[in-house]
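Trainee: I would like to go through some of the labels used for this model and ask what stands behind each.
Mentor: Go ahead.

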Amino acid sequence: DVSPATINSPLIHQRPSSSTKNSSLDDGDSSSSAPSDTMQHHLSPSAQTFQQLIASRRTVTNFVTHPSTQQPSDIQFFRDAIMRGVSCAATAPNHKITEPTTFHRILSPSAASERLLDIAYEATLGRLLEHRLSGEEACRNEAMRKREKWANIPVFVVATISGMGDQTSAATDGGYYKELPYVPPTTMRQLEDYASACASIQNLLLSLHAEGLGSKWATGPLIRTRAFRDLVRCQEQDMVVGLIMVGWPKRLPRMRRRRELDGDLLRDVDYDA
């Protein structure tokens, strides 16, 4: 069955129904033939535009400071862009309509964004010192470099899902900025909710891309620290799916594909009974 929404989609060129009669036939003109039953599919311009939009999205790691970032009008634009994006995110497939995903918006500059920058600095510094990748001064410089880079990002969005396993009870080290043990989904319901959250995030990223904004979906150790969880007021059974950075892209990276499309990413299933 095809829903009315699908039938009326502006992305599809429709042919007249074979049951629709030519007006001349209604007048008794037998010389006019009925529409052909041969279906001809044509990719509409709007469908091509939509597919090109999806294919052109990239993960942006470098952002530029927009001239009007500090202006109220620009802050309002980012606020509204995130709202529009979350509206699109809410349309992602969601089994049993559990609606498990919550998005937390952090606009910069604000007290919340400053706290996030501090957490990024402390968590990065602690990780570098723990692994002794370099001397203390070099570690502090690297942590400060990350803080300053993040300071150029005008918006952060945190995606969380509820109803997961306890995300903090397995911790053996009480370090406030130390990464907590990863607690994955363990039930089918949790796995479905996690999948729905990921689909929601992709919808958000595409919506932002449509408005000319760049984004990065980060899943590094920082999002699994007590300090970060406290910032967004996570409950024990809330899982942080990602930290999304949003801003004006400095450049769009080129697509790097390791696998071929036909025959690798896409395979036809041949079955002989």
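Trainee: What makes the side chain of Q167 and the backbone oxygen of V183 a polar contact?
Mentor: In this predicted model, a polar atom of the Q167 side chain lies 3.5 Å from the backbone oxygen of V183. The cut-off is within 3.5 Å, so the pair counts as a polar contact.

Trainee: Where does Q167 lie?
Mentor: Q167 is in the loop between strand 3 (155-161) and helix 7 (188-210). Leaving out residues up to four places away in sequence, Q167 touches L180, P181, V183, R229, E236, D238 and M239.

Trainee: Why is Q167 called buried?
Mentor: Its relative accessible area is 9%. Buried means under 20%, so Q167 is buried.

Trainee: Why is C234 called buried at 15% relative accessibility?
Mentor: The value of 15% is under 20%, so C234 counts as buried. C139, at 0%, is buried because the cut-off is again under 20%.

Trainee: Which residues lie nearest the centre of the largest pocket?
Mentor: They are K146, W150, K216, A218 and M245, out of 17 lining residues. Helix 6 (136-150), strand 4 (214-218) and strand 5 (239-249) each give two or more residues to the lining. Helix 6 has the largest share, four residues.

Trainee: What kinds of residue make up the lining of the largest pocket?
Mentor: Nine are nonpolar, three polar and five charged. The pocket holds about 300 Å³ of space.

Terms used
Residues are numbered from 1 along each chain as its sequence is written. This is a predicted model: local features need pLDDT of at least 70, side-chain atom pairs count only at pLDDT 80 or more; totals for chains, interfaces and linings use all residues. Side-chain values use heavy atoms; hydrogens and water are left out. Buried means under 20% relative accessible area, exposed over 50%, partly exposed in between (1.4 Å probe, protein chains only). A polar contact is a pair of N or O atoms within 3.5 Å; within protein, one must be able to donate a hydrogen and the other to accept it, and residues adjacent in sequence count only if both atoms are side-chain atoms. Contact means heavy atoms within 4.5 Å. On a 1 Å grid over the protein atoms alone, a cavity is a set of points where a 1.4 Å probe fits but cannot get out, and a pocket is an open set with protein on both sides within 12 Å along at least five of seven lines; lining residues have an atom within 4 Å of a point. Grid points are joined across faces, edges and corners, and a volume is the space filled by probe spheres set on the points. Ala, Val, Leu, Ile, Met, Phe, Trp, Tyr, Cys and Pro count as nonpolar, Asp, Glu, Lys and Arg as charged, and the others, Gly among them, as polar.
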